[in-house]
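Dear colleague,

I am handing over the structure below for your attention.

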Amino acid sequence: MTSPLLAVRDLRVRFATEGGVVKAVDGVSFDVERGRTLGIVGESGSGKSVTNLTLLGLHNPARTTVEGSAVLDGTELVGASERTLRDLRGQRVSMVFQDPLTALSPYYTVGAQIVETYRRHTGAGRREALDRAIEMLDRVGIPQAARRAREYPHLFSGGMRQRAMIAMALVCEPDLLIADEPTTALDVTVQAQILDLLGELQAQLGTAIILVTHDLGVVADVADEVLVMYAGRAVELGPATRVLETPKHPYTRGLLASVPRLSDPLDRPLRPVPGAPPSLLAPPPGCAFHPRCDQVIAGPGSPCRTRAPVLVGVGDSGHEAACHLEAGAGAAGVGSAERERERAQVPDAREGGKNP
Amino acid sequence: MFRFLVQRLLGAALILFVVFTVTFFLFFAMPDDPARLSCGKTCTPETLALIRRDLGLDESVPMQYWHYIVGVFAGRDFGTSHCSAPCLGYSFVNHEPVLDTLLDRFPATLSLALGASVIFLGVGVMIGMLAALRRGTWLDKSTMALSLIGASVTIQFLGVIARYVLVDQLRWLPKPEYLPFTGDPGGWMGGLLLPWLTLACVQAAVYARLTRASMIDALGEDHVRTVRAKGLTSRQVYLKHAWRGAITPVVTVYGIELGVLLGGAVVTETTFNIPGIGKLAVNAVANSDLPMITGVVLIAATAMVLANVAVDAVYAVIDPRVRV
């Protein structure tokens, strides 16, 4: 088996804030294979966006510490120089953001913004780069691409803007596209079109995609693998069909149960996951999800309240969940030795409290 | 674009009319009687009446107002002399035509305002940008501390000290004075150098702080993050993308500032004895010189309106979203 395109191991991201240290990402590991799609799912603040911004070094370096490893095709990204990362950005790894209205510059034409990216990485001439930009706009389904290339983003509709954003991200045919909630700001019909477009382009270009979303419907449509994050940690990881059909973590189950279905009776109330996400400044001891979990192991010495669970294999085909219920169910021995090592949770949330 | 300009000019005319009307009627609320001021010590009721008639003060206020407006559009006669349109009347004090005096004084004010603007915009914006890019470093902290001092000193104070040190003691700068540009460009520049620097010092501090704040905002914008995610160099990120968002508030503030400066930098002109609109305004008010006050107010209001139109035009250049 060939090595994955992107291998993230034990990634930890901490922000120094006025209130103390925020563990935005707390030991996350995952792989992205070439040409495949990884869906990262979680609520706001679960660390899914931070993980991706950190990979490209787009976080604010002054107040952030990043530990762990992220290897892209042999290149270590964590701790890489700005110059190295700059050459990767836009060329080998591109990003598409949530709101294309604010993510595109209002001051330059759509064509000029694509030209700029292409010339930065290829050194192409103006004419050649413009031809390439128009070709890409055409490819993402923007009609009259040559004319639209001369227009400013505010003259585009939301869906067209996101298409332009995708054209810009893919102009250098990157190996990896990180799409951070690419359809959240769009209405539902446009959402489906954009997802189809991503799928088509992936098939043509062989691009791997990390799709960050809170929308399980989107994940079900396009993802090959799914990573569910909660409070900065991975709670479930595995092939999309397995995770969505036989979820093992109570949080994933809660998320799936909360999705309303057309086949439901109209008067069925929404079933949200009860409670609110924890503060990352002072996360609950043990499993961060235990205060909201309906299956928490009772008793004073409950592992749910004292030890943070780690991912262990459940069943076959690489499906893993971080839950003491699964760990206690005789699944031990499936995961690697590294994953057996359960970290004792120490109350270190305020360790950096004196940071400015 | 044509419709936009017509709209703006009609709006400007309306503003000027309102400003003029308010000034005119406010003047008559002042306690001083201009006729008595120009009558002198040996004032008899007969001379006073004569002066009143000369100045047109014997008419009712609404009639004076009407005659003034007619004069602006059609010209008017004062005794034997004719004042052709646009007639802003004659000074009560030295009987010079107001329009000629204003046109005579305006170049000094314009020179002062534009020269200082070049310095304070250049220096202020540059320092602000640098401070924003080096946020939190000693450069940021020291320039911001300096600019707080700069923004706090007054021109009277700074001007006098600077003149004493730089001109009288060290002889680094020539004596501050106003020489017309057309006669002696070198002398014009030399004479205005100290007034420019003094005025610019105070203003640059304000612009440095403003630019820093808006540049920090701009650097946090989504589209700037996109540009970084595209792999562009820091130079491209800052100089091509981020500054365009940062410069808009600077342009807004400068538009107001320029209007104020063109209406006369009163303190700077008085401190350095520059014969501009600002000094004229102070003297006119002190002498209850109604035609001159009205003239100064009109020119200041015109400057403000034109500066605003210019700002709108600059907006359109900077930001395609506001283009009409």
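In this predicted model, the domain assignment divides chain B into domain 1, residues 2-83, and domain 2, residues 98-322. The centres of domain 1 and domain 2 of chain B, taken over C-alpha atoms, are 33 Å apart. To the contact between these domains, domain 1 of chain B contributes 13 residues and domain 2 of chain B contributes 11 residues.

On the side of domain 1 of chain B that touches domain 2 of chain B, helix H1 (2-27) and helix H2 (34-39) of chain B each provide at least two residues. H1(B) accounts for the largest share of that side, with nine residues.

Turning to chain A, four strands form an open sheet in the order E2-E1-E4-E5, and their pairing is antiparallel. Strand E2 (20-32) and strand E5 (75-76) of chain A are at the edges; each has a single partner strand, so one side of each has no neighbour in the sheet.

Strand E4 (residues 64-72) of chain A runs antiparallel to E5(A), and two bridges connect them. Within this pairing, Leu72(A) is found opposite Thr75(A) of E5(A).

Helix H1 (residues 48-55) of chain A lies across strands E1 (6-17), E2 and E4 of chain A.

Yours sincerely

Methods: Residues are numbered from 1 along each chain as its sequence is written. Chains are lettered from A and ligands numbered from 1 in the order in which they are written. This is a predicted model: local features need pLDDT of at least 70, side-chain atom pairs count only at pLDDT 80 or more; totals for chains, interfaces and linings use all residues. Two strands pair if DSSP finds at least two bridges between them. Two residues are in contact if their C-beta atoms, placed from the backbone, lie within 7 Å. Axes are lines fitted to C-alpha atoms, for helices over the stretch in contact, and angles run from 0 to 180 degrees between N-to-C directions. Domain bounds come from an automatic or database domain assignment.
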